[in-house]
Amino acid sequence: QVQLVESGGGLVQAGGSLRLSCAASGPSFSSATMGWFRQAPGKEREFVVRLRWSGGVTLSAEYADSVKGRFTISRDSAKNLVWLQMNSLKPEDTAVYYCAADPGLNWGRSRTEDAYSYWGQGTQVTISS
């Protein structure tokens, strides 16, 4: 059973930075798609970024317009970790952030949360103004 565990959330002031991590355990995937989603209070979960890889090679990454240029996703294949570096944070970035993964997910569907098989428990990110 694959398990995903997020960490790195916290409270920072607007303009600050945080780095989230998603650690995967269990069966490893030679290729997969991973996504980060977030859910703010009273709102639906929304797509943040997606990444796909095969072997040790990152194939594609795509960001939501709201985070483009501020967030960066990266992967440490040796440690089964995915990082989400978040810079220039805004109060509207406040949300619970979730990582999700799926070994057989079609890239075309990977902006959609219900396409993912595995989810972490989420980590709270709070940005004060």
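The protein chain carries 13 positive and 11 negative side chains, with the centres of the two sets 5 Å apart; Lys and Arg count as positive and Asp and Glu as negative, while His and the chain ends are not counted. Each charge is placed at NZ of Lys, CZ of Arg, CG of Asp or CD of Glu. This is a predicted model, in which local features need pLDDT of at least 70 and side-chain atom pairs count only at pLDDT 80 or more, whereas totals for chains, interfaces and linings use all residues. Residues are numbered from 1 along each chain as its sequence is written, and side-chain values use heavy atoms, with hydrogens and water left out.

**Fold and dimensions**
- The protein chain has 0 helices and 11 strands (DSSP runs numbered from the N terminus: helices are H or I, at least four residues; strands are E, at least two).
- Along its principal axes, the C-alpha trace spans about 40 × 25 × 25 Å.

**Burial and contacts**
- Buried residues make up 41% of the 129 residues (buried means under 20% relative accessible area, with a 1.4 Å probe and protein chains only).
- Of the contacts with a separation of 6 or more, 57% are between residues 24 or more positions apart (contact means heavy atoms within 4.5 Å).

**Disulfide**
- Cys22 and Cys99 form a disulfide, S to S 2.0 Å (a pair of cysteine sulfur atoms within 2.5 Å).
- The pair links distant parts of the chain, 77 residues apart: Cys22 lies in strand β3 (residues 18–25) and Cys99 in strand β9 (residues 95–102).
- The torsion about the S-S bond of Cys22 and Cys99 is about 60°, so the disulfide is right-handed.
- Cys22 is buried at a relative accessible area of 1%, and Cys99 is buried at 0%.

Technical notes:
Buried means under 20% relative accessible area, exposed over 50%, partly exposed in between (1.4 Å probe, protein chains only).
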